[in-house]
Amino acid sequence: MALPGTLPEEHLERVDSWGGASSGMSYVYRPTTDEALAQIFEMARQNGRSVGLRGGGNSYGDAAMNDENILLDLRRMNRILDWNPETGVVRVEPGVTIAALWQYILEDGWWPPVVTGTSQTTIGGCAGMNVHGKNAYQVGTIGEHILTFDMMLPSGDIITCSPEENSDVFYAAIGGAGLLGCFTSLTLQMKHIYSGYLRVST
């Protein structure tokens with residue numbers, strides 16, 4: 001069995017879990033484009049390395065870590081690609097955080113249908129872990145509100161997935177912890193609201 005190839009030491013960084021229970025050394029890359037993402041997957045294939053995905057790094061355990069291998073930090077892929085304030089449909093890159101999303105859409109009268117306990121989770125990370133919020137008993141997980149996504153496979157190919165197109169990958173990748181590939185864009189349905197204020201009874 002061949003040993004993994006050598007990777008540049010300048011990309012070697014200590015990575016911590018959000019809960020602080022574990023840490024490790026990974027070769028961290030921060031792509032900003034699909035082309036850069038494909039190059040990293042190619043480098044991983046050539047060097048016999050696995051690729052882990054990291055969004056906001058808000059997993060309590062080691063889900064956003066990949067010791068001694070390549071770790072993709074996707075926070076720089078953070079553009080809102082399309083927004084329709086009439087329908088509440090938004091298309092984003094995977095590194096867009098919950099905070100950035102609601103700040104962008106709130107003034108148009110919309111809100112993410114599912115939010116986590118911290119607003120620094122990324123949409124790609126939320127989809128990969130199929131997160132829920134405190135309203136899960138009413139609206140389910142975030143996967144219930146994803147209409148379609150584009151995903152780069154480890155081969156570098158990008159496929160479009162929805163309940164109608166590549167549906168097997170669609171349902172497997174949502175909650176698949178990034179094991180099938182990397183989201184490059186996600187399209188979600190937002191929730192219409194009348195105000196950003198809440199009346200709270202304690």
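Visitor: Where does Asn-58 lie?

Guide: Happy to show you, keeping in mind that this is a predicted model. Strand 3 covers residues 51–54, and strand 4 covers residues 70–73. Asn-58 lies in the loop between strand 3 and strand 4.

Visitor: Is Asn-58 buried or exposed?

Guide: Its relative accessible area is 16%. Buried means under 20%, so Asn-58 counts as buried.

Visitor: Which backbone nitrogen does the side chain of Asn-58 reach?

Guide: Let's start from the contacts. Leaving out residues up to four places away in sequence, Asn-58 touches Trp-18, Thr-118, Gln-120 and Thr-121. At 3.3 Å, the side chain of Asn-58 reaches the backbone nitrogen of Thr-121.

Visitor: What is the bridge partner of Gly-52 in strand 4?

Guide: Strand 3 and strand 4 run parallel and are joined by four bridges. Within strand 4, the partner of Gly-52 is Leu-71.

Visitor: Which strands are the edge strands of the sheet?

Guide: The open sheet has four strands in the order 1-2-4-3, with mixed pairing. An edge strand here pairs on one side only, and that holds for strand 1 (12–16) and strand 3. The edge strands are therefore strand 1 and strand 3.

How values were computed:
Residues are numbered from 1 along each chain as its sequence is written. This is a predicted model: local features need pLDDT of at least 70, side-chain atom pairs count only at pLDDT 80 or more; totals for chains, interfaces and linings use all residues. Side-chain values use heavy atoms; hydrogens and water are left out. Buried means under 20% relative accessible area, exposed over 50%, partly exposed in between (1.4 Å probe, protein chains only). Helices (H or I, at least four residues) and strands (E, at least two) are DSSP runs, numbered from the N terminus. Two strands pair if DSSP finds at least two bridges between them. A polar contact is a pair of N or O atoms within 3.5 Å; within protein, one must be able to donate a hydrogen and the other to accept it, and residues adjacent in sequence count only if both atoms are side-chain atoms. Contact means heavy atoms within 4.5 Å.
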